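This briefing goes through one protein chain, topic by topic. Please keep the sequence and the 3D view open while reading.

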Amino acid sequence: DLSCPNLYSMFGLENYQYTFADNGLLLPPVCEGYHKGKQLKVFSLGADIPQGQYVAWTGTQLTDMLREQFISIEWNGIDVLVIDMAPGTSDNAQTVLDFFPNATIVPVVLNQKLSLADGRKFIELCKHKKVNVTPCIINLSDVFSYYSNKEIYEMMRLKVMMHLPLNKEWAEEDAGLRMLVNADKELARSFREVL
């Protein structure tokens, strides 16, 4: 969460004060997860800068900062590390793929020509690096609906895992936190199917 960081707002971390473990690693804030006893560790650069201040990275700065998140934050004890990346084949995408060669990529695209084209290029990069790719998730499926699942497969060479519709409630500031506490919501059930 480095470019236009907003996870801090989604998880109610505006007033979180970062601290360090005995080994010198940064301790990320912990949020209660959906399953009892399970927790989420979240890192967001947005919690550490004044609200409204922009963050501008050059390509190499962003890549260096991305690497820094993997080695200078106390991630011990986690079952799954989720990295949300913008589409494309930038330095950042390649850094993640190189750092985690055993990663599983879950492509999230819009049912729209340009998004599918960008997704296809990224998937080709993943195949070139021999990284595992799951079937794709179609986001905002009730907003963009230009192609059938068969046509999407022909364009991306990838099956469709599921369609996620727009949910206005989850577009609000504390959406991330409410995704965890409102576990009976339809969209939450959809996400649990993915996991």
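## The open sheet and its surroundings

Three strands form an open sheet in the order S6-S8-S9, and their pairing is parallel. The model is predicted. The protein chain holds seven helices and nine strands. The points below take the sheet, then the helices around it, and then the chain as a whole.

**Strand order and edges**

- Strand S6 (108-110) and strand S9 stand at the edges of the sheet, and each has a single partner strand, so one side of each is left without a neighbour in the sheet.
- On average, neighbouring strands of this sheet are turned by 30° against each other when direction is ignored.
- As background, strands of a sheet pair through backbone hydrogen bonds, and the pairing can be parallel or antiparallel.

**Pairing within the sheet**

- S6 and S8 are joined by three bridges and pair in the parallel sense.
- Leucine 110 has asparagine 139 in S8 as its bridge partner.
- Strand S8 (residues 136-139) and strand S9 (residues 160-164) also run parallel, with four bridges between them.
- Cysteine 136 has valine 160 in S9 as its bridge partner.

**Helix H5 and the crossover**

- Between S8 and S9 the chain passes through helix H5 (residues 149-156), and this β-α-β crossover is right-handed.
- H5 packs on the sheet, where it touches S6, S8 and S9.
- The direction of H5 makes about 120° with the direction of S9.
- Is lysine 150 buried or exposed? Lysine 150 lies in helix H5, and its relative accessible area is 62%; exposed means over 50%, so lysine 150 is exposed.
- Lysine 150 and valine 160 are 10 residues apart in sequence, and their C-alpha atoms are 8.7 Å apart in space.

**Helix H3 against helix H4**

- The axes of helix H3 (residues 91-99) and helix H4 (residues 113-128) come within 11 Å and cross at roughly 30°.
- The crossing of H3 past H4 is right-handed.
- Which residues make the contact? On the H3 side they are Ala93, Gln94 and Leu97, and on the H4 side they are Phe122, Leu125 and Cys126.
- Sorted by class, this contact of H3 with H4 has five nonpolar residues, one polar residue and no charged residues.

**What is buried in H3, and what covers it**

- The buried residues of H3 are Asn92, Ala93, Thr95, Val96 and Leu97.
- The cover over these buried residues of H3 includes H2, strand S5 (104-105) and H4.

**Threonine 63 in helix H2**

- Threonine 63 sits in helix H2 (residues 59-72).
- Why does threonine 63 count as buried? Its relative accessibility is 6%, and buried means under 20%, so threonine 63 falls in the buried class.
- With neighbours within four places in sequence left aside, threonine 63 is in contact with Asp91, Asn92 and Thr95.
- Two of these contact partners, Asn92 and Thr95, are also listed among the buried residues of H3.

**The chain as a whole**

- The protein chain has 195 residues, and buried residues make up 34% of them.
- Among contacts in the protein chain between residues at least 6 apart in sequence, 66% join residues at least 24 apart.

Notes:
Residues are numbered from 1 along each chain as its sequence is written. This is a predicted model: local features need pLDDT of at least 70, side-chain atom pairs count only at pLDDT 80 or more; totals for chains, interfaces and linings use all residues. Side-chain values use heavy atoms; hydrogens and water are left out. Axes are lines fitted to C-alpha atoms, for helices over the stretch in contact, and angles run from 0 to 180 degrees between N-to-C directions. Helices (H or I, at least four residues) and strands (E, at least two) are DSSP runs, numbered from the N terminus. A crossing is left-handed if the near helix is turned anticlockwise from the far one by less than a right angle, and right-handed if clockwise. Contact means heavy atoms within 4.5 Å. Ala, Val, Leu, Ile, Met, Phe, Trp, Tyr, Cys and Pro count as nonpolar, Asp, Glu, Lys and Arg as charged, and the others, Gly among them, as polar. Buried means under 20% relative accessible area, exposed over 50%, partly exposed in between (1.4 Å probe, protein chains only). Two strands pair if DSSP finds at least two bridges between them. A crossover is right-handed if, with the strands pointing away from the viewer, the path from the first strand over the helix to the second runs clockwise.
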